[in-house]
Amino acid sequence: METVPVEIYFGGPHQAPGHLRDVLAAHITAVPSGGSIDWVTYYFRDLRLAEALIQARKRGVQVTLSLEGRPRIPHANDAVIKMLSGPGGLGDAFRIIAIPGVPSPATKSWKPQLHEKLYCFSHPEPVAFIGSFNPSGNMPEDDPELIREIGDQDRGYNALVGLNDPVLVEGLVNHARQIHRSPPGLFYRFSTHASRIIHGADTTIHFWPRVSPHPVVQFLSRVNSGARIRVVASHIRTESAVDVMAGLARRGTTLEIFAESTHRRVTPKVERRLASAGIRFRRIRNPERLPMHLKFVLVEDGDHAWSIFGSFNWTKPSFWLNHEIAAISSNPLIFQVLAHCWEVLENEKC
């Protein structure tokens, strides 16, 4: 079978600051009148990118943008929201998404969030980008304290994987437009859309929230003993995720984990449990404290290799509440590029 082409871009200390936002900016500029741009994202603070989307719509591009209305830092998106919703903005092409929360005790806040990062472009060739990057910075930056809290994603470790398979692109564009047309409600997980799978030539796309089992966990449960599994994770907090990883180690897989350095995103308790299970665990500590926001898994099982990537974290909100995207792929080009990213991280002096 012919390998389906892909576009993969990385941000990080080895790239120019803002490299991934520049990739998105270049793709916006390349879409002509009559083309389309469909975005879904969690944080959006980049005013120049917001202006580029406005200009695209003015030149006749069909634009849809769905943005999380209640991110972890509630006011983070306010400036872009003001620009896009004001006079001369995107009008009805822009939608703020606030998914109803789950009834919870007074001390808890169980609010589903739109955590997807999805950027679809019709030209010059149809492509749908998924991955870990959302444009949460603004250059020049006017709120350094907020960036310290979010992490400097314009300089930190991130990835965007551009899928060119027409079946995947069409499915992801339809997904973005469905969210824009009919924002998901509290009971979305029970709908026919929630657990659907997009089957491409060598890649499947999975969505959350869902009633059916976690697709990544299900995939890993079928891996044979003796397999090698490498996990790059910005967030590991839930005990059920640690149970999955410890279970894989007990079955005889070689499991290695590169994780974010901050204890809020990967707790010391998680680190201790993983180490006690005999799992090689290492935090990526950049000297400038840049965030390690990558989210992917590499699986080698006999003669077969797979890549798993997307917006999902190993946390309770990501497992059960948030709207996420994951891809499971046997595309050898994706595996090769992500494996090289692993090697770069492995050689970092932390």
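**Close-up views of pockets, cavities and charged pairs**

**Figure 1. The second largest pocket of the predicted model.** The second largest pocket has a volume of about 340 Å³. The structure shown in this and the following views is a predicted model. Lining this pocket are 19 residues, and those that lie nearest its centre are Arg 148, Gly 151, Thr 262, Arg 265 and Arg 289. Helix H4 gives the most to the lining of the second largest pocket, contributing four residues. Sorted by class, the lining of this pocket has 10 charged, five nonpolar and four polar residues.

**Figure 2. The largest pocket.** The space in the largest pocket amounts to about 850 Å³. Its lining is made up of 29 residues. Nearest the centre of the largest pocket lie Arg 72, Gln 113, Arg 237, Pro 317 and Asn 322. Two elements give two or more residues to this lining, namely helix H4 (144-150) and helix H9 (316-321). Of the elements, H9 gives the most, with four residues. The lining of the largest pocket divides by class into 11 charged, 10 polar and eight nonpolar residues.

**Figure 3. The largest cavity.** The model has four cavities of 30 Å³ or more. The volume of the largest cavity is about 50 Å³. Its lining consists of Ile 130, Gly 131, Ser 132, Ala 159, Val 161, Leu 294, Lys 295, Phe 296, Phe 309 and Gly 310. The elements giving two or more residues to the lining of the largest cavity are strands S6 (127-131), S7 (158-163), S13 (295-301) and S14 (304-310). By class, six residues of this lining are nonpolar, three are polar and one is charged.

**Figure 4. The second largest cavity.** This cavity holds about 40 Å³ of space. The residues that line the second largest cavity are Val 232, Ala 233, Ser 234, His 235, Leu 294, Lys 295, Phe 296, Phe 312, Asn 313 and Trp 314. Strand S10 (228-233) and strand S13 are the elements that give two or more residues to this lining. The class count for the second largest cavity is six nonpolar, three polar and one charged. Leu 294, Lys 295 and Phe 296 line both the largest cavity and the second largest cavity.

**Figure 5. A nonpolar patch on the surface.** Phe 187, Phe 190 and Val 211 form this patch, and together they have about 380 Å² of accessible area. Phe 190 counts as exposed because its relative accessibility is 58%, and the cut-off for exposed is over 50%.

**Figure 6. The salt bridge between Glu 149 and Arg 72.** Side chains of opposite charge can pair when their charged atoms come close. The model contains 18 salt bridges. In one of them, the closest N and O atoms of Glu 149 and Arg 72 are 2.9 Å apart. This pair links distant parts of the chain, with Glu 149 in helix H4 and Arg 72 in the loop between strand S3 (62-68) and helix H3 (78-85), 77 residues apart. Glu 149 is partly exposed at 37% relative accessibility, and Arg 72 is partly exposed with a relative accessible area of 36%. Arg 72 is also among the residues that lie nearest the centre of the largest pocket.

**Figure 7. The salt bridge between Glu 288 and Arg 155.** The closest N and O atoms of Glu 288 and Arg 155 are 2.4 Å apart. Glu 288 lies in the loop between strand S12 (280-284) and S13, and Arg 155 in the loop between H4 and S7. The pair links distant parts of the chain, its members being 133 residues apart. Arg 155 has a relative accessible area of 26% and is partly exposed.

Figure 8. Glu 271 pairs with Arg 283 in a salt bridge whose closest N and O atoms are 2.9 Å apart. Because Glu 271 lies in helix H8 (residues 268-276) and Arg 283 in strand S12, the pair ties together parts that are 12 residues apart in sequence. Glu 271 is partly exposed, with a relative accessible area of 27%, whereas Arg 283 is buried, with a relative accessible area of 6%. Salt bridges that share partners also join Arg 228, Arg 230, Glu 256, Arg 280, Glu 300 and Glu 346 into one network.

Definitions and conventions
Residues are numbered from 1 along each chain as its sequence is written. This is a predicted model: local features need pLDDT of at least 70, side-chain atom pairs count only at pLDDT 80 or more; totals for chains, interfaces and linings use all residues. Side-chain values use heavy atoms; hydrogens and water are left out. On a 1 Å grid over the protein atoms alone, a cavity is a set of points where a 1.4 Å probe fits but cannot get out, and a pocket is an open set with protein on both sides within 12 Å along at least five of seven lines; lining residues have an atom within 4 Å of a point. Grid points are joined across faces, edges and corners, and a volume is the space filled by probe spheres set on the points. Ala, Val, Leu, Ile, Met, Phe, Trp, Tyr, Cys and Pro count as nonpolar, Asp, Glu, Lys and Arg as charged, and the others, Gly among them, as polar. Patches are made of residues with over 30% relative accessible area and no salt bridge: like charges are joined within 9 Å, nonpolar side chains (Val, Leu, Ile, Met, Phe, Trp, Tyr) within 5 Å. Accessible areas come from the Shrake-Rupley method with a 1.4 Å probe; for residues, only the protein chains shown count as cover. A salt bridge is a side-chain nitrogen of Lys or Arg within 4 Å of a carboxyl oxygen of Asp or Glu. Buried means under 20% relative accessible area, exposed over 50%, partly exposed in between (1.4 Å probe, protein chains only).
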